[in-house]
Amino acid sequence: MLKQVMNMMNINKFNWRAKTKLLPLMLTINFLAGCVASQQVQRPSPSYEVADNQKIDTKNYNVLFISVDDLNDWVGVLGGHPNASTPNIDRLANRGMLFTNAHTASPVCNSSRAAVMTGLLPSTTGIYRNGVPSKPVVNKNVTISEVYKNNGFYTAGSGKLLHLFNYKKGAWDDVKKRFPDAIADKREVYSVGGEFNIHPLKNNLENETMDARTVSWVIDKLQQPHDKPFFIAAGIYRPHVLWRVPQRFYAEFPEENIVIPSTIENDLDDVGSIGMAWALQGKDQVKDDKADSLENSAHSNIKRAGHWQLGMQAYLASIKHADTQVGRLLDALDTTGLTEKTIIVLWSDHGWHLGEKNHWRKSTLWEESTRVPLIVSVPGLTKANSRSNKAVSLIDIFPTLLELAGFDKPEKIQGESLVPLLTDPNYNRKMPAITEYYRGNVAIRDDRYRYILYANGEEELYDHKNDPNEWHNIAKESKLAEIKGGLREWVPKNFAAEGKGNKH
Ligand SMILES: [Ca+2]
């Protein structure tokens, strides 16, 4: 019956815009006909030839969508830190494609997550930072789960996906926004240089952390009977502060064994005023380009207190807790018998500094803030242990999923599907990763270089082949003018007014 209506209205190929307008009518008809929408939807079957000359059709593959908060590259398979321990993220990476050079669209939660969910850059939406409501932008643009829901998939999500645990109305079948967290005994809480607090929990509270509860809810949704394909999302909150994880995770990383990151004296001498301000201001909300003094920076406070390794310990412990939750999700999926028909995407919203460039937290346009884990596993399509070193962006997730499901791509979506890279890790894609923070500040990361153009015209250029720590700003070297110019071409031509966005 649904098909007949679509035919009457001359919709031969499924069209998401038409579907959105027709949705209330279609759902009513669907209900009356007692049929499942997914069985009726007309959309192309994406067919991919795999190694043994067989073809696979990913059209009705389920999706398990996992986000982790504030997780940088301290992931075993990414090699970001020698003490990092993430056996479950590693085993997921070993199933599919690990993008080793993936970057966020913005180095804080709000703007990064809005970009992921809409597939639009901050310069398009006007959401450049925390503190600007992303809801209006999310509400007027199509979002990832919404496309699945509109196409008859079952959609469910819990935890932090959008900033502030927002969920777009109508974009989900089942939602549990936020669970309460387990609380540490006040007497157990202690400070890291006056900048952070450490909250070790009693081990018997392991199943009561916010993330454990979120994942239990998601597991329940995974394991319920499914009469149609699903898109199920888990938003894991750690290693975001507060570092409320059981003591046993702290105990896995004895402070004295923790390797402090490599740094050089005077690393900030060759950066401009905005980069300097962002490095030295300790808080997530950077208000202007006035730098605190090096002496008063978070990093100086932490070093003076002798707490550098202590802070790292808490971060590593929180990563391990998050990784444990990822393991629970993978195990639960296996119990459903649906693993071979389920795409898994795992991403973190941005990275984190722990003393590199005299900085703690996120909120910079350097590698520590922009580089993130990104794993895409498509059973039958991605080969085990696949790795791609091409520069990619989190805004590429949306078009990737659209392509794998055969959904039409909303014309305004930016980013580029990762599907060609899933089978050819060296596929020659043109687009570098673009990261924006506060209006008019942009980093362009390609396979070798990072170019940063700040709103006041200050520039930085780093060559990762010779300088993986981004210690030496070579923007002024005349022999690199052509390379710099090529990267600069990718700087957006227009920047939407903050918080309002343009007409998308
Ligand atoms: Ca430097």
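Two strands count as paired if DSSP finds at least two bridges between them. Strands (E, at least two residues) and helices (H or I, at least four) are DSSP runs, numbered from the N terminus. This is a predicted model: local features need pLDDT of at least 70, side-chain atom pairs count only at pLDDT 80 or more, and totals for chains, interfaces and linings use all residues. Residue numbers start from 1 along each chain as its sequence is written.

**The sheet**

Ile434 stands opposite Ile444 in S18. Strands S17 and S18 (residues 442-445) pair in the antiparallel sense over four bridges. They belong to an open sheet of four strands in the order S17-S18-S19-S20, with antiparallel pairing. The edge strands are S17 (433-436) and S20 (459-463), and each pairs on one side only. On average, neighbouring strands of this sheet are turned by 15° against each other, direction ignored. In general, strands of a sheet pair through backbone hydrogen bonds.

Helix H17 (residues 481-488) lies across S18, S19 (449-453) and S20. H17 runs at about 70° to S19. Axes here are lines fitted to C-alpha atoms, for helices over the stretch in contact, and angles run from 0 to 180 degrees between N-to-C directions. Contact means that the C-beta atoms of two residues, placed from the backbone, lie within 7 Å.

**Two enclosed helices**

A residue is buried if 20 or more other C-beta atoms lie within 10 Å of its own, exposed if 12 or fewer, and partly exposed in between; C-beta atoms are placed from the backbone. Ten of the ten residues of H5 are buried, so the rest of the structure largely encloses this helix. Among them are Cys109, Arg113 and Met117. The buried residues of H5 pack against H6 (122-125), H7 (135-140), H8 and H15.

In H15 (residues 397-405), eight of the nine residues are buried, so this helix too is largely enclosed. Those buried include Ile397, Phe398 and Leu404. Their cover includes strands S3 (62-68), S11 (342-348) and S14 (371-377). Helices H5 (109-118), H8 (144-150) and H16 (419-423) also contribute to that cover.

Each helix is followed by a glycine with positive phi:

| Helix | Next residue | Phi |
|---|---|---|
| H5 | Gly119 | near 70° |
| H15 | Gly406 | near 75° |

**The whole chain**

The chain has 17 helices and 20 strands. Buried residues make up 52% of its 504 residues. Of the contacts between residues at least 6 apart in sequence, 71% join residues at least 24 apart.
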